Amino acid sequence: YIFMGLMLNSLCSSLVTSGSDASFHSVSFSETDHPKVLITGGLGQLGVGLAKLLRKRFGKNNVILSDIRKPPSHVFHSGPFIYSDILDYKNLREIVVNNRITWLVHYSALLSAVGESNVALARAVNITGLHNILDIAAEHGLRLFVPSTIGAFGPTSPRNPTPDLCVQRPRTIYGVSKVHAELMGEYYHHRYGLDFRCLRYPGIISADSQPGGGTTDYAVQIFHDAVKTGKFECNLKPDTQLPMMYIDDCLRATLEVMEAPAEILSMRTYNINAMSFTPEELAQEVRKQLPDLQMTYEVDHIRQAIADSWPMNFDDSNARNDWGWKHDYDLPELVQTMFNFIGSESRVAQAN
């Protein structure tokens, strides 16, 4: 019964969705063609920002944020929010059915450093939760987005640059779970016709959310500490080069790949990139704004080992060729934007 349901739903989905695909730069969907979007893990670094972008495009009530935590008041009042535990299959299914969900963006995950400190929880959230999402998406003919990461590669992968297709042998539970997600998504696509889409994110930098336990978090924390104290202690070595991206580029890439017509996608999992830099290169750019910044290094050996196994630079030529991916922010623009945001936030706090 489940197998037949999956096949019928995926068949219906392919018939229904093929006509409503549109690229990000084209005319907006008509009112009747708006997707109804559910975002899991919506209170993390990316969910609130993506909800804002999608609501602007598709209408406030067509995008539902969900999480297991209580949302801050500004998030709660900005659009629909619902409690959703991805380990509760029945609850997830009810949400999809009752809200007529057509797109599902699955952000629930434990990140790299946090995952290493609680492997059992990371396995449950990142793998068991994914299985629930895949089954529900296939059964109900959803378009499913699951992010992957630079952490899906390992020490035996080519590091500079790292292509879309190469050896992937990560050594963190986070990385292993993301390789698992990529392969399961592609399997469901070929086996059941699931419209699965995935981007490997580099380190994501944003000013309006706190670091969430990732190895690249130093590149967010440096701005907050630089403004508050003029000092920053980095937990990676000064010459550790990693791919990075400003959050606005990341969210736009996510929307663009979700709107891309299926027939132009040559693969289901793409690298995307904007820039690569080291902590020392970032500090030099920060000192153009704050010349007195004092940078010290207290290397966290767990995070350093993770970073040393990750790509130094992403080859994202397939994303650029297939669906026109193009980043807007390089390192100077990134630093200027972060200081503009944090500086204005600081001035508001002082005024209050």
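Biologist: Are F223 and F339 buried or exposed?

Modeller: Both F223 and F339 are buried, where buried means under 20% relative accessible area, exposed over 50% and partly exposed in between, with a 1.4 Å probe and protein chains only. This is a predicted model, where local features need pLDDT of at least 70, side-chain atom pairs count only at pLDDT 80 or more, and totals for chains, interfaces and linings use all residues. Residues are numbered from 1 along each chain as its sequence is written, and side-chain values use heavy atoms, leaving out hydrogens and water.

Biologist: How many aromatic pairs does a search of the whole structure find?

Modeller: A pair of rings is described by the distance of the centres and the angle of the planes. Rings of Phe, Tyr and Trp (its six-membered ring) pair if their centres lie within 6.5 Å; planes under 30 degrees apart are stacked, over 60 edge-to-face, the rest tilted. The search turns up 10 pairs. One of them is Y107 with F145, edge-to-face at 6.5 Å between centres and 85 degrees between planes. Y107 sits in the loop between β4 (103-106) and α5 (112-117) and F145 in strand β5 (residues 143-145), so the pair ties together parts 38 residues apart in sequence. Helices (H or I, at least four residues) and strands (E, at least two) are DSSP runs, numbered from the N terminus.

Biologist: Are Y107 and F145 buried or exposed?

Modeller: Both are buried. Ring pairs also link Y107, F145 and Y201 into a cluster.

Biologist: Which residues of helix α4 are buried?

Modeller: In α4 (residues 89-98), they are N91, L92, I95 and V96. K90 and N98, on the other side, are exposed.
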